[in-house]
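The exercises below concern one protein chain. Work through each task before reading its solution.

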Amino acid sequence: MARKRLIQAMNEALFEEMERDPAIILFGEDVKASLFGDTKGLWKRFGPDRVRDTPICEALISGMAVGAAAAGRRVICHMMFGNFVYTGMDAIANQAAKLRYMTNGQIKLPITFLAVSGGGRSAAAQHSDAIHPVLANLGGIKVVMPSSPADAKGLLKAAIRDDDPVFFLQAAGRGGEPGEVPEEDYVIPLGEAAVVRPGREVTVVAIGSMVRPALRCADILAREGIEVEVVDPRTLVPLDRETILGSVRKTGRLVVVDEARDTCSFASHIAALAAEQAFDALRAPIRRVTVPDCAIPFAPVLERAVLPDAERIAQAVRDTLAFGRSA
Amino acid sequence: MSVTGTNLPRHELLALYERMLLIRRAEEQLAQDCAAGKLPGPVHLYVGQEAIAVGVCAHLEDRDWITSTHRGHGHFLAKGGDLGRMLAEIYGRAAGICGGFGGSMHVADFSKGIIGANGVVGGGIALATGAALAAQLDGDGKVAVCFFGDGAANQGVLAEALNVGALWKLPLVLVCENNGFSEFSPTATVTSGRIVERARPFGVPGVEVDGNDVLAVWQAANVAVRRAREGGGPTLIEARTYRTRGHVEYETTFITEPYREEAEVQAWRARDPIPRFASWLLNHELASSQELEAIAQAVAQQVAEAVRFAESAPEPDPALARGSMFVNPR
């Protein structure tokens, strides 16, 4: 174990996987200069054949990832910011997500797309979208959202080794967060949620960047004598429904926290699943804590006003506990 | 016809003829099937453009990659795809090359290097560029060929591919089939300048060729594919041709405004690449009319057998409709 930042954990995973498998190539925008630090040093170690800077042309590079994967490579494609994924969307939505299905499973497409997603850094509306609901709805793209350095390393390795297209979304405001990271080679399988804090009274499912404020909220509420269980899905596609529903059946109350906009947020999907499949266990309406249906603003005070934080989550938890008591 | 420089042996010339005729007869069958209401979905026919797929794919091996378009049956067959399984796919049968999951616009056979037809105009351009990168890294002389239309030439991704292809000297051949129409819009109404010249600012060689002359296409592709194999980088070939059938079969039932004159269609029918090549073969005494007739009969028989196979194949099992989205669903 050593204390590392999340972005360093990703960097370690990339080094170890590219060392392990010579079929892996990595390309994208500014991967050599590595503005986030995740691809730092890879070019020097693995050379320009395997690590390439591309022009800024997302429509091409996302499609090249599909073509190179179809032609036998294991591809890591860096799209930089989540909002830029929209520019590369044809190859992601129409090609990567469908080529295997349309051809009756003739091929595998081992692609890991990397992108920073979400707000919190005053990057403003065109650099701050939480893009996971869009990607999860495509059906043929796996979506991974780590919330800690240790998870980031193990999940990124799993994403790279996976034979399907995976989006690995690093939360914009969380790359610098430190945490204990195991030294050894380890993989966290896709599709396994984690109960990051056990509790009896309310389940809080928090996605990606929202795990940290959810844990802070659990601390605040513990001081009020409220026991919150925090569940981190870790991957949205495939989704570990059993762990989420198991927690809901135990606590009977659910709050879902998502940095996506409210309409069709991933929180909506989790809420719907719980309503359909654990209705009998619910003792209060499900609450969702999301971003209002507006763009992400620039000024810090405005941005803080729209992003979920520990206090908003805590209020939702108190509301769900209050249900039925005042009546 | 411009045979100078091809020096093709007779059996290879006849193979070009046979392959063009196979594509034509197969698609005439599909046109009939469509008119008879036998096809579950739309088909975009390649009639009149066969010389391009055949002239280019004559230079390719199974290991080379192609990407194709919504008008992709010709590319599929020219690259060695199986006719019976293609028809079964278009009929929506389990024995189809894609098990009935893809249909006409998605026929693909990766074992033959056919990354597939593509329902998105310009959708194959980036895929071919990526396959070319993989081929370059493999370092064994493979190439990637991208077939696309004049409509796709107006997608920005073509400029992106020319830029990266030239920058990295990718083994990529971009074959633009300018058939005069961007779906239902005449090319001139939606396209400025000459498509072939779009290669020039990137330092990519651009070659314009008569797309209804299989030998001219063969020669242009010979140079381009060899350059790509030898590390010389990409080439843009603009093959001028004409779509003698509509954008999509049955379009006259929904098109509200005619977009071309019948006289224009007739004028281009007179330049049909198949009878044109037949006359050339006869005039140069490289084939007798009996030989060409024998090829026609063999092709007709092959199509009839493929139709029998496809028609008698069972439909897919609806219980399996979720298909194979992922290698590892969990």
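**Exercise 1.** In which strand of chain A is A:M80 found? State also whether A:M80 is buried or exposed.

Solution. The model is predicted, so local features need pLDDT of at least 70 and side-chain atom pairs count only at pLDDT 80 or more, while totals for chains, interfaces and linings use all residues. Residues are numbered from 1 along each chain as its sequence is written, chains are lettered from A in the order in which they are written, and side-chain values use heavy atoms, without hydrogens and water.

Step 1: A:M80 belongs to strand β4 (residues 74-81) of chain A; strands are DSSP runs of E with at least two residues, helices are runs of H or I with at least four, and both are numbered from the N terminus.
Step 2: the relative accessible area of A:M80 is 8%, which counts as buried (under 20%; exposed is over 50%, partly exposed in between, with a 1.4 Å probe and protein chains only).
Step 3: phi of A:M80 is near 65°, a positive value in a residue other than glycine.

**Exercise 2.** Describe the backbone at A:D30 and at A:P238.

Solution. Step 1: A:D30 is not a glycine, yet its phi is positive, about 60°.
Step 1: A:D30 sits in the loop between β2 (24-28) and α2 (42-50) of chain A, and at 39% relative accessibility it is partly exposed.
Step 2: the peptide bond from A:V237 to A:P238 is cis, with omega near -5°.
Step 3: the loop holding A:P238 runs between β12 (235-237) and α10 (241-251) of chain A.

**Exercise 3.** How many salt bridges cross the interface of domain 1 and domain 2 of chain A?

Solution. Step 1: apply the rule, a side-chain nitrogen of Lys or Arg within 4 Å of a carboxyl oxygen of Asp or Glu.
Step 1: the rule finds 3 salt bridges across this interface.
Step 2: A:D129 and A:R261 also form a salt bridge, with the closest N and O atoms 3.0 Å apart.
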